[in-house]
Amino acid sequence: MDVDPRHYNHVAINDNDVHNIVLSYLVHNCYKESVESFVASTGMKQPADCLEDMEKRKRIFHCAVEGNALKAIELTEQLAPDLLGKKKELHFDLLSLHFVELVCSKKCTEALEFAQNQLTPFGKVERYVSKLEDFMALLAYEEPEKSPMFHLLSLDYRQQVADSLNRAVLAHSNLPNYTAMERLIQQTTVVRQSISEENAKNGPPPFSLKDFIRS
């Protein structure tokens with residue numbers, strides 16, 4: 001049978017472990033004010049260079065989310081000079097954000113010139129060809145937001161690129177690129193799915209993280 005959630009009430013949890021999990025999440029997502037408040041209220045030791053690092057990453061993240069990709073690239077190169085040279089796909093994604101901004105601003109000639117100079121060189125590598133074709137296709141639509149590639153203009157796409165950039169910057173600084181909370185959720189999900197599969201014939205339905213959180 002699946003484990004009764006009420007049994008978890010008897011498991012001892014170290015407060016310091018919980019605090020570290022929360023702090024990891026706040027630092028990862030650049031919540032500077034929350035980190036300061038949390039550290040002050042718990043008496044934890046603030047990670048070295050934590051606040052300065054968060055400020056820099058937060059600015060880079062916001063530039064990417066707001067579509068100011070060239071500024072995000074500039075700031076990234078200042079913080080991690082060789083990162084984008086090694087992470088070609090991430091560099092392509094950032095350049096594509098700028099291309100999209102030009103398209104949305106109806107600067108089609110400028111967008112085409114930018115694509116020819118900055119994006120088409122990536123077309124020599126097969127894995128970029130399909131994405132490059134999707135971006136270039138946006139120029140064919142008077143209202144690109146109504147095109148089949150509309151998702152490339154979305155906040156979700158910018159958020160995805162910004163998240164990838166933030167993780168890459170963290171890894172470049174030899175810091176975890178996933179929070180402790182994310183790893184715990186991943187591990188918990190795998191364990192619960194395994195238990196559900198073992199008891200599939202007579203046990204409860206397959207484990208759903210979303211349903212578990214709602215319960």
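Contact means heavy atoms within 4.5 Å of each other. This model is predicted: local features need pLDDT of at least 70, side-chain atom pairs count only at pLDDT 80 or more, and totals for chains, interfaces and linings use all residues. Residues are numbered from 1 along each chain as its sequence is written, and side-chain values use heavy atoms, without hydrogens and water.

Start with H98. H98 sits in helix α6; helices are DSSP runs of H or I with at least four residues, numbered from the N terminus. H98 touches A69, L70 and F114, leaving aside residues up to four places away in sequence.

Two residues compare as follows. Buried means under 20% relative accessible area, exposed over 50%, and partly exposed in between (1.4 Å probe, protein chains only).

| Residue | Relative accessible area | Class |
|---|---|---|
| H98 | 16% | buried |
| M181 | 32% | partly exposed |

Now take helix α7, residues 108-119. Its buried residues are A111, F114, A115 and L119. They lie on the same side of α7 because they cover an arc of only 100° around the axis. That arc is taken from the directions from the helix axis to the C-beta atoms. On the other side of α7, T109 and N117 are exposed. The cover over the buried residues of α7 includes α4 (69-79), α6 (88-104) and α8 (126-137).

M181 belongs to helix α10, residues 180-198. Together with Y25, Y31 and I185, M181 forms a nonpolar surface patch with about 330 Å² of accessible area.

Technical notes: Helix = DSSP H or I, 4+ residues; strand = E, 2+ residues; numbered from the N terminus. Patch = residues over 30% accessible without salt bridge, like charges linked within 9 Å, V, L, I, M, F, W, Y side chains within 5 Å. Areas by Shrake-Rupley, 256 points an atom, 1.4 Å probe, with all protein chains shown as cover. Salt bridge = Lys/Arg side-chain N within 4 Å of Asp/Glu carboxyl O.
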